[in-house]
Every structure is written in structure tokens, then in C-alpha cells.
Amino acid sequence: MQDLVVNERLTIPSRELRWRFSRSSGPGGQGVNTTDSRVELLLDLANCSSLGPFRSARLLEHFQARLVEGCLRVVVAEERSQWQNRQKALHRMGELLREGLQPAPRARKATRPGRGAVKRRLDTKKKRGDLKRQRRSRPSLDD
């Protein structure tokens, strides 16, 4: 089995990854009925010793809606061979973990619009109102 390299500081050993294989419904001709090419990769985030408490907590919070019984799950059934699907599953799991370990973006600092922007906005409103007012005024019968 192959270890999952997330980044240069984090590698998840293969003993913490669980694999499941089943028959795929994708391409493969007659062989699709006999080979288990569909791959399901599971990683138990709560009990993964290589993550540590901080990373584990961050990942559990980030993937809260996606977890199945505390496990992060990736399913691949795109290729005809099980080996290629395994490689894709490892790659996707690595991408997911990198995404989940990213720090949250900084909160937006609320600012007020500048004096010039307020003046421009009010000027355009005034011009628009004048235009509509001109359209409303109808000529009298005396004209």
C-alpha cells in the first residue's frame, strides 16, 4: 500500500487508510461485470494519529457536513482499472486534506464609503430624478 503525502510536513501512513472495492458502473465493456474497479477511500479523522489534535479538530470542523461516521470518504469509479482509480482517490484525498488544513480567510473589515463616492452617488441620483421629472411634465392645452 501507498502512504498519502498531503504536504511536505504531513504524510498519512497507509495503515490509517481504509480501502473498499466494488463493481463499477462506468466504462469497461464486459470486464465491468467481473472486476472490482470502483474504489472507496476512507480516512477516520477523529482517530487518525498522524494528524494530531489541532489538525484533526480543524478538519472535523471543515468537513462536518461531509463526514460519514467520522470518516472522510472519496469514491472514484472513472477509470477501467482499479489501480488508476486508487491513484485518483489518493490524489483527491490529498487535495481535500490540503483544502481543509488551510487557515480560514481573514474577516472583512467593514469600512464606510469615501466622501467622493457618496457625492458621486447622490449626483447621479439627482440627475436621474431630474430626467424623470422632465418626462413627467406634460405640455398644457394652451401650447
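Helices (H or I, at least four residues) and strands (E, at least two) are taken here as DSSP runs, numbered from the N terminus. On that basis, the protein follows the pattern β-β-β-β-α-β-α-α along its sequence, with 3 helices and 5 strands in total. The model is a predicted one, in which local features need pLDDT of at least 70 and side-chain atom pairs count only at pLDDT 80 or more, while totals for chains, interfaces and linings use all residues. Residues are numbered from 1 along each chain as its sequence is written, and side-chain values use heavy atoms, with hydrogens and water left out.

A residue is called buried under 20% relative accessible area, exposed over 50%, and partly exposed in between (1.4 Å probe, protein chains only). Of the 143 residues in the protein, 26% are buried. Where contact means heavy atoms within 4.5 Å, 60% of the contacts between residues at least 6 apart in sequence join residues at least 24 apart.

**The sheet**

Which strands form the open sheet, and in what order? The sheet contains 3 strands in the order β3-β4-β5, and the pairing is antiparallel. Two strands are said to pair if DSSP finds at least two bridges between them. Because β3 and β5 stand at the edges with a single partner strand each, one side of each has no neighbour in the sheet. From one strand to the next, the twist averages 20°. Strands of a sheet pair through backbone hydrogen bonds, either parallel or antiparallel.

Strand β4 is joined to β3 by 6 bridges and to β5 by 6 bridges. Of the 7 residues of β4, 5 are buried, so this strand is largely enclosed by the rest of the structure. The following table lists residues that stand opposite one another in these pairings.

| Residue | Residue opposite | Strand of the residue opposite |
|---|---|---|
| Phe 21 | Val 39 | β4 |
| Leu 41 | Val 74 | β5 |
| Leu 43 | Leu 72 | β5 |

**The helices**

Helix α2 lies across β3, β4 and β5 and runs at about 140° to β5. Axes are lines fitted to C-alpha atoms, for helices over the stretch in contact, and angles run from 0 to 180 degrees between N-to-C directions. Helix α1 (residues 52–62) also packs against α2, at an angle of about 100° and with the axes 9 Å apart. The two helices α1 and α2 are therefore roughly perpendicular to each other, a term that covers angles of 65 to 115 degrees. Their contact involves Arg 55, Arg 58, Leu 59 and His 62 of α1, together with Leu 97, Glu 99, Gly 100 and Leu 101 of α2.

**The nonpolar core**

A nonpolar core is a set of buried Ala, Val, Leu, Ile, Met, Phe, Trp, Tyr and Cys residues joined through side-chain atoms within 4.5 Å. The largest one has 23 residues, and those touching the most other members are Leu 4, Ile 12, Leu 17, Leu 43, Leu 45, Met 93 and Leu 97. Two or more residues are given to this core by each of β1 (4–7), β2 (10–12), β3 (17–22), β4 (38–44), β5 (71–76) and α2 (82–101). The largest share, 6 residues, comes from α2. Leaving aside residues up to four places away in sequence, Leu 45 touches Leu 51, Ser 56, Leu 59, Leu 60, Phe 63, Leu 67, Gly 70, Leu 72 and Leu 97.

**Two loop residues**

Ser 49 belongs to the loop between β4 and α1, and its 59% relative accessibility means that it counts as exposed. The C-alpha atoms of Ser 49 and Ile 12 are separated by 8.9 Å, although the two residues are 37 residues apart along the chain.

Glu 69 is placed in the loop between α1 and β5. With 78% relative accessibility, Glu 69 counts as exposed. Its phi is near 55°, a positive value in a residue other than glycine. Most residues other than glycine have a negative phi. From C-alpha to C-alpha, Glu 69 and Ala 46 are 9.8 Å apart in space and 23 residues apart in sequence.

Definitions and conventions: Angles under 35 degrees count as roughly parallel, over 145 as roughly antiparallel, 65 to 115 as roughly perpendicular and the rest as oblique.
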